[in-house]
Amino acid sequence: MKRIFIFTIVVVVSLAMGMGNMGALAQENATNETATEDGIEAGEDYERAIDAETRIVDWSYSSGRFTLTIEADERRRISMTEAGTFEEGTTSFNYDEVRLEEGTNTVTFAVADRQGAAVAIATRQSLAQGSGAIVSTGMVEQNPFRHFGGESGLFSGVIMTTALAGIGAAYVVRSEESGVVQA
């Protein structure tokens, strides 16, 4: 009887430990971007005007690097700067100027890899209008319970620990009825 009880406890503990990985739920993404394993990408019909003759038609972000696909109606120069949230105090930021040819151009721009990254793009024409375009990943929040298998892993661990403590207490109380056994 004792062997069956111990075997049952081992099976229950093994199953409870495996529950942590099963609790992840998919969240619906209502913005015009798609999260992939490698990074974040623009949605299918993304387009954002920089000025009247230049527009961003696609973008992706991965590991501190934006890749932008920009259409230009004529040759022009764009300036790009790192945008987004920064820590308090003084710091530096990335800046680059790129000459676009007429048609579709692919530009890569490095930014500091943080929880929310963005790049601001402008041309001389957009600056004269007092505008430009920003491509942002948004705030990427990390689950504080990710080290414990998410919320389900943390709570299944708490339940498992409480159950094992209860079983241990029951065993001690039950064995005291028969008296103290000397070793």
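**Exercise 1. Which helices each supply at least two residues of the nonpolar patch?**

Step 1. Helix 1 (2-18) and helix 3 (150-176) each give at least two residues to the nonpolar patch. Helices here are DSSP runs of H or I with at least four residues, strands are runs of E with at least two, and both are numbered from the N terminus.

Step 2. Name the members: Phe5, Ile6, Val10, Leu164 and Ile167 make a patch of about 420 Å². A patch takes residues with over 30% relative accessible area and no salt bridge; nonpolar side chains (Val, Leu, Ile, Met, Phe, Trp, Tyr) are joined within 5 Å, like charges within 9 Å. Areas come from the Shrake-Rupley method with a 1.4 Å probe, and for residues only the protein chains shown count as cover.

Step 3. Find the main supplier. Helix 1 gives the largest share, three residues.

Step 4. Check one member. Val10 sits in helix 1. Its relative accessibility is 48%, so Val10 counts as partly exposed. (Buried means under 20% relative accessible area, exposed over 50%, partly exposed in between, with a 1.4 Å probe and protein chains only.)

A note on the source: this is a predicted model, where local features need pLDDT of at least 70 and side-chain atom pairs count only at pLDDT 80 or more, while totals for chains, interfaces and linings use all residues. Residues are numbered from 1 along each chain as its sequence is written, and side-chain values use heavy atoms, with hydrogens and water left out.

**Exercise 2. In what order do the four strands of the open sheet stand?**

Step 1. The order is 7-6-9-10, with antiparallel pairing. Two strands pair if DSSP finds at least two bridges between them.

Step 2. Look at the edges. Strand 7 (95-100) and strand 10 (133-136) each have a single partner strand, so one side of each is left without a neighbour in the sheet.

Step 3. Count the bridges of strand 6. Seven join strand 6 (residues 76-84) to strand 9 (residues 117-123). Six join strand 6 to strand 7.

Step 4. Locate some pairs. Thr81 stands opposite Ala120 in strand 9. Glu82 has Val119 of strand 9 as its bridge partner. Ile78 is partnered by Val98 in strand 7.

**Exercise 3. How many salt bridges does a search of the whole structure find?**

Step 1. The search finds seven. A salt bridge is a side-chain nitrogen of Lys or Arg within 4 Å of a carboxyl oxygen of Asp or Glu.

Step 2. Take Asp51 and Arg76, which meet at 3.0 Å, N to O. Asp51 lies in strand 3 (residues 48-51) and Arg76 in strand 6, so this pair ties together parts 25 residues apart in sequence. Asp51 is buried at 6% relative accessibility. Arg76 is also buried, at 10%.

Step 3. Take Arg55 and Asp73. Their closest N and O atoms are 2.8 Å apart. Arg55 lies in strand 4 (residues 54-62) and Asp73 in the loop between strand 5 (65-72) and strand 6, so parts 18 residues apart in sequence are tied together. Arg55 is buried at 17%, whereas Asp73 is partly exposed at 39%.

Step 4. Take Arg77 and Glu97, with closest N and O atoms 4.0 Å apart. Arg77 is in strand 6 and Glu97 in strand 7, 20 residues apart. Arg77 is partly exposed at 35%, and Glu97 is partly exposed at 41%.

Step 5. Look for shared partners. Asp51, Glu53, Glu74 and Arg76 form one network of salt bridges.
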